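Welcome! Keep the view open and find each spot as you read.

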Amino acid sequence: MRLGYSFWGFLGPGITDTPDGGRSHRRTLIDGLTAAGHDIVFLQEDRDLTEAGHDLRDRYSWEAGLPGIDVLFLEWRWPVPGRSTTPCGTPGHTCDLHRQNELVARYTVGQQVRTIVWDKDLQLPVSSPLRSLPNVAVCEAALAPNPGAVSLLFPVADDDLDQADPAALAAMPRPLPLVYIGNQYDRDEAFGAFFAQAAVRHGHRVAGKWNRTADWPHVNFTGRCAFPEVRDLYESALTTVLLLPDRYARAGQMTQRLFEAVLAGCLPLTPATLPFASAFTPPVLHDSTGAEMADRIVGLQGIAGTPRHAGLIADCLGMLGIFRLSRQVTTVNRILRRLTDGFSACPDPGSPAAR
């Protein structure tokens, strides 16, 4: 099928000063869908070219108009006051929302084109009329999506999982005991309770956009790092801490930070209070307090580079199986078949996505 894919972000490294976690998995999904036989055209601005100077037009196609497509695939955008809600041409304006509205009006509503809405940030209101349209399937990157939505997780390439070497990852020098890579958005409470407490006792670094830091004067905030630096930073660190906004935690939505860290051999310490903690990481890495995390790091320092360390990394890699690209492509193809056949896009009651 020909998929018109709408996303606001990058396929390549992009630029440093932008919040686009999709860089870790978007191209993986696109390439997987292409390998599965789909033809894909991108319907938003080519930001790789216009902002990052990265020309990918020899491999991918962008279209500023309204081309013929079989399916509209939206990485859902929502109103951001002062940015996507301002008039076109206003300083700081981004036209992603205007373009999305145009695509929905033309394809989803006007032509009743089959549409997949991937609500990657859980921002689509439960009351949205889109959820009830027969030609629309809503997907969420969560283990417990909203009623009627399908679980479509952020994908990890099968080869990356199959080729990861726990022993080699454990043998790497890891001079930094603790790291966090990511932005502040709605993470203050968990950060203060877990990471900041562990950071009192251990060398650490926080890379990301954190504007309100007065409560943690002892924490080493170093600002955003470029996307290509993420892997190197995780490879230098023994542990990280999984921090989620409440809406993600309740839905069982894990960000790309989990597999970015694990594939680099950085162990993901996990607040035991996360509702779906056992689905993402081994229980031995779960802690109820920041003090426990600090103790855990001491213990991990004692086994660093040993077979026990490699075994923990292997356990974490094994639990990433739920993110496999092959599983996510199968989910997309299943949705497309249901939409094509006129069936509901909701998951079967007995399917993994419905549980």
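Let's start with Arg-23, which is buried because its relative accessible area is 11%, under the 20% cut-off for that word. Bear in mind on this tour that the model is predicted.

**Around Arg-23**

- You will find Arg-23 in the loop that links β1 (2–6) and α1 (26–35).
- A polar atom of the Arg-23 side chain lies 2.7 Å from the backbone oxygen of Pro-13.
- Which residues does Arg-23 touch, not counting residues up to four places away in sequence? They are Phe-10, Gly-12, Pro-13, Gly-14, Ile-15, Thr-18 and Phe-227.

**The open sheet of six strands**

- An open sheet is built from 6 strands with parallel pairing, and their order is β2-β1-β3-β4-β5-β6.
- At the edges stand β2 (39–42) and β6 (150–151); each has a single partner strand, so one side of each has no neighbour in the sheet.
- Strands β4 (residues 114–119) and β5 (residues 136–140) run parallel and are joined by 5 bridges.

**Strand β7 and its partners**

- Why is β7 described as largely enclosed by the rest of the structure? The reason is that 6 of the 6 residues of β7 are buried.
- β7 pairs with β9 in the parallel sense, over 3 bridges. Here Leu-178 stands opposite Thr-239 in β9.
- β7 also runs parallel to β8, and 4 bridges join these two strands. In this pairing Tyr-180 stands opposite Val-206 in β8.

**Helix α6 and what covers it**

- Helix α6 spans residues 188–199, and its buried residues include Phe-191, Gly-192, Phe-194 and Phe-195. Ala-196, Ala-198 and Ala-199 are buried in α6 too.

- Arg-205 sits in strand β8 (residues 204–207).
- Is Arg-205 buried or partly exposed? It is partly exposed, because its relative accessible area is 24%, which falls between the 20% and 50% cut-offs.
- The side chains of Arg-205 and Thr-222 are joined by a polar contact of 2.8 Å.
- Although Arg-205 and Asn-220 are 15 residues apart in sequence, they are 5.3 Å apart in space, C-alpha to C-alpha.
- Beyond its neighbours within four places in sequence, Arg-205 is in contact with residues including Leu-176, Leu-178, Val-179 and Tyr-180. Phe-195, Cys-225 and Leu-233 are also among its contacts.

**The largest pocket**

- How many residues line the largest pocket? The lining has 47 residues, and Pro-19, Asp-20, Gly-21, Asn-183 and Tyr-185 lie nearest the centre.
- The volume of the largest pocket is about 1200 Å³.
- At least two residues of the lining come from each of β7, α8 (246–251) and α9 (257–263).

Methods. Residues numbered from 1 in each chain as written. Predicted model: local features only at pLDDT ≥ 70, side-chain atom pairs only at ≥ 80, totals over all residues. Heavy atoms only, no water. Buried < 20%, exposed > 50% of the residue type's maximum accessible area, 1.4 Å probe, protein only. Contact = heavy atoms within 4.5 Å. Polar contact = N/O pair within 3.5 Å; in protein donor to acceptor, adjacent residues only side chain to side chain. Pairing = 2+ DSSP bridges. 1 Å grid on protein atoms, 1.4 Å probe; cavity = no way out; pocket = protein on both sides within 12 Å on 5 of 7 lines; lining within 4 Å. Points joined across faces, edges and corners; volume = space filled by probe spheres on them.
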